[in-house]
Amino acid sequence: MKLKEIIHLDKKWLLTLMIFSIMAPVALNYIFGQIYIEKIPFGIVNLDNSFLSRSIVSGFNSHPGLKLCFYGNSEIELEEAVRSKKIAAGMIIPEDYYKKLLEKKEPKILLLIDGTNLLIGKNALGYSSAILEVFNAQFRLNTFEGKNMLP
């Protein structure tokens, strides 16, 4: 059989196949297109309460990917909130964070992330890392400028 005869005999099937081949990728793109999750429930324990730590909290509060909905007073409260699934992730800013940073002791910020949902956990880690990297770069730049070094 020639191709013209096959097309002539099965016009309905050919049209269905063409529509399906166009609509299937469009539907899959619509379903799986949004890999970034926004407004992830997030908590913070700010034990330092310095200007820098309040700026960091403000940066987390203004990020569209995270929704600050828990402010704790201790590490135990934050850990319990993550375990009970009130929040998907949280951050602890330790005492004397700013003071240790000025002394160049490189203090650590602790991130607690619920890993049961890998997509949410990965996005929370990514958003948190991006925010903290911005503050780190800004602090380093200010330090260099203070020692008469050009940025």
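The lining of the largest pocket in this predicted model has nine nonpolar, one polar and four charged residues. For these classes, Ala, Val, Leu, Ile, Met, Phe, Trp, Tyr, Cys and Pro count as nonpolar, Asp, Glu, Lys and Arg as charged, and the others, Gly among them, as polar. Residues are numbered from 1 along each chain as its sequence is written, and side-chain values use heavy atoms, with hydrogens and water left out. Because the model is predicted, local features need pLDDT of at least 70 and side-chain atom pairs count only at pLDDT 80 or more, while totals for chains, interfaces and linings use all residues.

**The largest pocket**

- The volume of the largest pocket is about 350 Å³, a volume being the space filled by probe spheres set on grid points that are joined across faces, edges and corners.
- Tyr97, Pro107, Ile109, Leu132 and Asn136 are the closest to the pocket centre among its 14 lining residues.
- A pocket here is an open set of points on a 1 Å grid over the protein atoms alone, where a 1.4 Å probe fits, with protein on both sides within 12 Å along at least five of seven lines; lining residues have an atom within 4 Å of a point.
- At least two lining residues come from each of α3 (51-62), α5 (97-102) and α6 (118-146), and α6 gives the most, with six residues.
- Helix and strand names follow DSSP runs numbered from the N terminus (helices: H or I, at least four residues; strands: E, at least two).

**Strand β1 and its partners**

- Five of the seven residues of β1 (residues 40-46) are buried, so this strand is mostly covered, where buried means under 20% relative accessible area, exposed over 50% and partly exposed in between (1.4 Å probe, protein chains only).
- β1 pairs in the parallel sense with β2 (residues 66-72) over six bridges, two strands being paired if DSSP finds at least two bridges between them.
- The path from β1 through α3 to β2 is a right-handed β-α-β crossover; right-handed means that, with the strands pointing away from the viewer, the path from the first strand over the helix to the second runs clockwise.
- In β2, leucine 66 is the bridge partner of isoleucine 40, and glycine 72 is the bridge partner of valine 45.
- β1 also pairs with β3 (residues 89-93) in the parallel sense, over five bridges, and there isoleucine 93 is the bridge partner of asparagine 46.

**Loop residues worth a look**

- Serine 50 sits in the loop between β1 and α3 and is buried, with a relative accessible area of 12%.
- The side chains of serine 50 and aspartate 48 are joined by a polar contact of 2.5 Å (a pair of N or O atoms within 3.5 Å; within protein, one must be able to donate a hydrogen and the other to accept it, and residues adjacent in sequence count only if both atoms are side-chain atoms).
- Most residues other than glycine have a negative phi.
- Aspartate 96, in the loop between β3 and α5, has a positive phi of about 55° although it is not a glycine, and it is partly exposed at 39% relative accessible area.
- Lysine 104, in the loop between α5 and β4 (110-113), has a positive phi of about 60° and is not a glycine either.
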